[in-house]
Amino acid sequence: AHQAGKREAKLKLEKEAIKTACEQKLREEKTRIVAVSTGNKKALDEVVSKVNTIHAVELSKKEEEIRSLKAQVVSAKDDIADQQNASQKNIQQCKEKHANEL
């Protein structure tokens with residue numbers, strides 16, 4: 001009976017040691033997972049930031065292109081208006097000249 005009690009106590013100690021080791025391993029693994037997750041989040045945040053910066057730059061370039069094209073359209077409209085005015089003057093001058101000749 002004494003041997004059985006000793007063996008039982010030894011097994012109990014071994015069980016406690018295994019439980020403690022498992023708990024320690026679990027704590028270490030949780031810490032590692034948190035560190036990896038934090039690292040991954042930081043890396044993801046950096047990628048998102050870079051992508052947003054690239055998009056902002058591209059958007060800015062496109063907006064500048066649009067402003068330039070709008071300015072070209074306005075300039076072209078002005079040129080057309082000037083040409084139409086010049087044509088109207090020429091037509092008027094021709095009409096007056098022919099009217100005077102008749």
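**View 1. Asp45 and Lys41 sit on helix H1.** Four residues, about one turn of the helix, separate Asp45 from Lys41, and both lie in helix H1. Helices here are DSSP runs of H or I with at least four residues, strands are runs of E with at least two, and both are numbered from the N terminus. The two side chains, Asp45 and Lys41, meet in a salt bridge, 3.1 Å from N to O. A salt bridge requires a side-chain nitrogen of Lys or Arg within 4 Å of a carboxyl oxygen of Asp or Glu. Asp45 is partly exposed because its relative accessible area is 40%. Lys41 has 51% and therefore counts as exposed. The classes are buried (under 20% relative accessible area), exposed (over 50%) and partly exposed (in between), with a 1.4 Å probe and protein chains only.

The model is predicted: local features need pLDDT of at least 70, side-chain atom pairs count only at pLDDT 80 or more, and totals for chains, interfaces and linings use all residues. Residues are numbered from 1 along each chain as its sequence is written, and side-chain values use heavy atoms, leaving out hydrogens and water.

**View 2. Glu29 pairs with Arg32.** Glu29 forms a salt bridge with Arg32. Their closest N and O atoms are 2.7 Å apart. Glu29 and Arg32 are three residues apart in helix H1, so about one helical turn separates them. Glu29 counts as partly exposed because its relative accessibility is 34%. Arg32 is also partly exposed, at 44%. Side chains of opposite charge can pair when their charged atoms come close.

**View 3. Lys62 meets Glu65.** The side chains of Lys62 and Glu65 form a salt bridge of 3.9 Å, N to O. Lys62 and Glu65 lie three residues apart in helix H1, which means a separation of about one helical turn. Lys62 has a relative accessible area of 44%, so it is partly exposed. For Glu65 the value is 43%, again partly exposed. A search of the whole structure finds five salt bridges, including this one.

**View 4. Ala81 is shown with Leu11.** Ala81 lies in helix H1, which covers residues 2–101. Ala81 counts as partly exposed because its relative accessibility is 31%. Ala81 and Leu11 are 70 residues apart along the chain. Their C-alpha atoms are separated by 102 Å.

**View 5. Lys97 is shown with Ile54.** Lys97 also has its place in helix H1. At 53% relative accessibility, Lys97 counts as exposed. Lys97 and Ile54 stand 43 residues apart along the chain, with 64 Å between their C-alpha atoms.

**View 6. The whole chain sets the context.** The chain has one helix and zero strands. Its C-alpha atoms fill a box of roughly 145 × 15 × 5 Å along the principal axes. The radius of gyration is 43 Å, whereas a compact globule of 102 residues would have one near 13 Å. That radius is taken over C-alpha atoms, and the globule rule is 2.2 Å times the number of residues to the power 0.38. Of the 102 residues, 0% count as buried. There are 21 positive and 17 negative side chains, and the centres of the two sets lie 13 Å apart. Lys and Arg count as positive, Asp and Glu as negative; His and the chain ends are not counted. Each charge is placed at NZ of Lys, CZ of Arg, CG of Asp or CD of Glu.
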